Amino acid sequence: MTSYDVAVIGGGIVGSAIARLLGGADLSVALLEARGDVGDGTSKANTAILHTGFDAKPGTLESRLVARGYHLLGEYAAATGIPVERTGALLVAWSQEQLDALPGLRDKAARNGYTACEIVDAAEVRRRVPALGPGALGGLTVPGESVICTWTTNLALATDAVNRGVRLLRGHRVTAVHQGADATRLTTTAGEVTARWVVNAAGLGADRLDALFGHDRFTVTPRRGELLVFDKLARPLAPCIVLPVPSSAGKGVLVSPTIYGNVMVGPTAEDLSDRTATGTSEAGLAFLWEKAAALMPALTEEEVTATYAGLRASAGRDDYLIDLDAGQRYLLVGGIRSTGLTAGMAIAEHVAGLLGEHLDLAQRAGLPAPPRMPNLGEAFTRPYQDAAAIAADPEYGRVVCFCERVTRGELRDALASPVPPADLEGLRRRTRVMNGRCQGFYCGARVREIFEGENE
């Protein structure tokens, strides 16, 4: 089938969440992704924080959807096994100006409906995070902030969509739009797709796709964020997310535990013109190293096991841009910044509210249960630790990646899943394989053999 009721363009977290929700209705839905895999763009590289929305601009659509998405994704994570650690966060004031700003930030959180923040003194800051560098004057607690697996979130939503009957079309980059009286024909790099309605959730490419529909209302600027990942031995240094007090220069650099047991420092914020520039830079990493030395000096005694960079879709505005054009049967979901990880399911709900005036979105009876995702979280039981799982299936006892303790059984399951990986990077995001200290130096060849053998 190449003709659908709705085509959702963009297989990141937002697009996958929208496709999942629409897939529950009595509609034919296609999810088009330009790359070879879902979640291979903006969604794969971010700070992976489940935000409460305490610091959003009050009254904005983003503020409302982040707060709503926090609860929706939290519930969905519990249902699907997406790993979440409720670490909490601490904003640390390092100057009198920052200390003076804390009451305003607490009030701002309250205006966003989040009332759990508490101002604490320097001694309490030190008690909560003993490894902090000297000079902290006080802090603001945000107990609801959490770390989550962004990879599993994206994959769970896409898998759920496919299980509900959504047709996932990977490698379909839209190059032209032809609007007819009753349907829109999308020319893609893998053929033509026709749909009555089109939803643009194309992330970094949303403005260019918007232009193909004849609009000129925003420009996406790729904002590069580089990050340092420290070894798991550093994890006790960061018991919670350590946030800077925001300034006019932005949110600044944070120190955060990761769901995989590491410690992360970043991101930088650099506006670029190249929408593919996901490489790290010598200047960016030097800046982060200097920040790490000041914020948490003991970190510099630990090993950096990885560096990476992600691109946020900055649209030069303080809010999401979600707009429905009924005449064109077209809906734009643009300007979704890093908060899209948290807000994705709420954005889908909002989109359904707009489309519901034109389409019957009543959910079908007998929808499949949400998928149960493999656990990638270090704080929870992994297959190599599960004696019952190994007894039932010895493949879960055959470790292939010794840095991350990934087993042959997990690789097999990922390759046989409803949304299998298109390449080794996709397999890494599904299992953590090659994600550890050696970055695949020791296991890479064996992993490739398994990957290629399973695809013969």
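This is a conversation about how some features of this predicted model get their labels.

Trainee: Where does H3 bend, and by how much?

Mentor: The bend is at Leu102, and its angle is about 30 degrees. A proline, Pro103, follows within four residues.

Trainee: Which residues of H3 are buried, and what do they pack against?

Mentor: Leu102, Leu105 and Ala109 are buried. The buried residues of H3 pack against strand E5 (89-93), strand E6 (118-121) and strand E7 (138-142). After the helix comes Gly113, with a positive phi near 85 degrees.

Trainee: What makes helix H1 "largely enclosed"?

Mentor: Count its buried residues. For H1, residues 13-23, the count is 11 of 11, so the helix is largely enclosed by the rest of the structure. Among them are Ile13, Ala17, Arg20 and Leu22.

Trainee: Why is strand E2 called mostly covered?

Mentor: E2 runs over residues 29-33, and five of its five residues are buried. Val29, Leu31 and Glu33 point one way, while Ala30 and Leu32 point the other way, and all are buried.

Trainee: How do you know that strand E1 pairs with E2?

Mentor: Two strands pair if there are at least two bridges between them. Four bridges join E1 (residues 3-9) to E2, and the two run parallel. As an example to find in the model, the bridge partner of Val8 is Leu31 in E2.

Trainee: Which strands does E12 pair with?

Mentor: Let's take its partners in turn. Six bridges join E1 to E12 (residues 191-200), in parallel, and Tyr4 has Ala195 of E12 as its bridge partner. Strand E11 (residues 184-188) is joined to E12 by five bridges, and these two run antiparallel. There, Thr187 stands opposite Glu192, and a hairpin of two residues connects E11 to E12. Three bridges join E12 to strand E20 (residues 330-334), again in parallel; Asn200 is partnered with Leu332 in E20.

Trainee: What makes E3 and E4 edge strands?

Mentor: Begin with the sheet they belong to. Three strands form an open sheet in the order E3-E8-E4, with antiparallel pairing. Strand E3 (49-50) and strand E4 (84-85) each pair on one side only, and that makes them the edges. Two bridges join E3 to E8 (residues 146-148), where Leu50 stands opposite Ser146.

Trainee: What is annotated at residues 399-452?

Mentor: An unreviewed UniProt entry gives the annotation "domain: BFD-like [2Fe-2S]-binding" for residues 399-452. In the model, this span is 46% helix and 9% strand, and its end C-alpha atoms lie 18 Å apart.

Trainee: What makes the phi values of Arg432 and Met434 worth a look?

Mentor: Most residues other than glycine have a negative phi. Arg432 has a positive phi, near 80 degrees, and Met434 has a positive one near 65 degrees. Arg432 is in the loop between helix H11 (424-431) and helix H12 (444-454), and Met434 is in the loop between H11 and H12 too. Arg432 counts as buried because its relative accessibility is 0%; Met434, with 11%, is buried as well.

Trainee: Why is the bond between Gly266 and Pro267 called cis?

Mentor: Look at omega, which is about -5 degrees for this cis peptide bond. Most peptide bonds are trans. To find Pro267, go to the loop between strand E16 (263-266) and strand E17 (270-271).

Definitions and conventions: Residues numbered from 1 in each chain as written. Predicted model: local features only at pLDDT ≥ 70, side-chain atom pairs only at ≥ 80, totals over all residues. Heavy atoms only, no water. Bend = angle between axes of the 7 residues up to and from the residue. Buried < 20%, exposed > 50% of the residue type's maximum accessible area, 1.4 Å probe, protein only. Contact = heavy atoms within 4.5 Å. UniProt positions renumbered as here; feature names shortened; annotations may be inferred.
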